[in-house]
Amino acid sequence: MNTMTVQAPDPLPELPTLLARLDRLRNADRRAASARMVSVIGHLIGTPLNVIAGRAALMRTGSPTPEAVDENSRRIEEQVERLSQRIRRLIDYFGLVEPTAEQRPLADVLGDCLALYRPVADEAGVTLRVNVSEVGALRVDAALVPLALTTLLSLAIRTAGRGNTVTLTGIERGPKTVLLELSAPGLAPPPGRLDRLEPPEAGVRYDAGALETLWLCLGLAKRSGGSFDVVAEASGTGATIRLECGHG
Amino acid sequence: MLIVEDDDDSREMLGELISAFGHRPLAAANAAEALAHARDQKPDLALIDLGLPVVDGCELARLLRLAMVDTPGLNTRLVALTGYSDGAMRESAGAAGFDAYVVKPIMPEALEALLSA
């Protein structure tokens, strides 16, 4: 049997380099998973859509009898029901992941995220500013919020460009919600509302990995009882990412 | 025109549509029926769903290509019909011997053009 020994490079790359590589892998993984999922959805809905399109064509081909029109209409209704059932099952399946019950103070969660990403920002020549003093004691979901925050910090730093500043501001929004606003001076706003957005037309590329990242965070925010949006800066360049999450 | 599709609704609809476009449809729900029809009727074109049970569409295409070698007069254009649009599936279909690859839903006008080509 042939064996191969793989050794870690010596010396190991610096933390920012490792994190940047990890980020690229995360984006590639998300993109591959999304592509696979879209392909499966295409397969699930392709046949009912095919029948609907065909039955509709049969109703306008030649001179169909009233009975044929009735029969084709009935078949179309059946396929619409079949399609709805499949979509409902998909939504149920992907809704199975629940937030954890564990909560931590927001200040601690942020501390961990900044410990990871401040060196990355330094190396990229991006200044990180944090203003969460009013909300640091609030307890947030210990799994979903760090995942969303590290993902967003990484995106904001990566797109910011040397010499720019990424600012994170926390604001309490009522008794159960905290708003985290992250300025991303180099991020182009997505070309539409995130929850209504269709994938870009072939040939049109939004920032590689950014759309998947934003969709992921939209899902995370909703699961933690909050909301998520990206709005264009009034100046015309950059965007503000607004993550609302529940707090205990 | 041979339709190979395990979904009853889809197979029935394709048959009616092909008739409406002036062609004679042959329907098969699996690979065994498809091979029998191909040898007996020698269709000009076979529209084959890739997600067939037991023997899938790609395997059926390979079997049909073999059948074309030893069945005089059998020279059928093979068209893959599928909901999967990823590159890997497209490559597999090409390697299996399909002449064309169509992603569902196929619009009736596109089907008519395919049948007339």
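Helix 1 (residues 8–20) of chain B lies across strand 1 (2–4), strand 2 and strand 3 (45–49) of chain B, and runs at about 165° to strand 1 of chain B. This is a predicted model, where local features need pLDDT of at least 70, side-chain atom pairs count only at pLDDT 80 or more, and totals for chains, interfaces and linings use all residues. Residues are numbered from 1 along each chain as its sequence is written, and chains are lettered from A and ligands numbered from 1 in the order in which they are written. Helices (H or I, at least four residues) and strands (E, at least two) are DSSP runs, numbered from the N terminus.

**The sheet of chain B**
- Chain B has an open sheet of 5 strands in the order 2-1-3-4-5, with parallel pairing; two strands pair if DSSP finds at least two bridges between them.
- Strand 2 and strand 5 (100–103) of chain B sit at the edges with a single partner strand each, so one side of each has no neighbour in the sheet.
- On average, neighbouring strands of this sheet are turned by 20° against each other, direction ignored.
- Strand 4 (residues 77–82) and strand 5 of chain B run parallel and are joined by 4 bridges; B:Ala80 has B:Tyr101 in strand 5 as its bridge partner.

**Two helices of chain B**
- Helix 2 of chain B also lies across strand 1, strand 2 and strand 3 of chain B, at about 155° to strand 2 of chain B.
- The axes (lines fitted to C-alpha atoms, for helices over the stretch in contact, with angles from 0 to 180 degrees between N-to-C directions) of helix 2 and helix 3 (residues 57–70) of chain B come within 11 Å and cross at roughly 25°.
- Helix 2 and helix 3 of chain B are therefore roughly parallel to each other, a label for angles under 35 degrees.

**A closer look at B:Asn30**
- You'll find B:Asn30 in the loop between strand 2 (26–28) and helix 2 (31–41) of chain B.
- B:Asn30 and B:Gly57 are 27 residues apart in sequence and 9.0 Å apart in space, C-alpha to C-alpha.

**Over in chain A**
- Strand 2 of chain A runs parallel to strand 4 (residues 165–173) of chain A, and 5 bridges join them; A:Arg129 has A:Thr167 as its bridge partner in strand 4.

Notes. Parallel < 35°, antiparallel > 145°, perpendicular 65-115°, else oblique. Contact = placed C-beta atoms within 7 Å.
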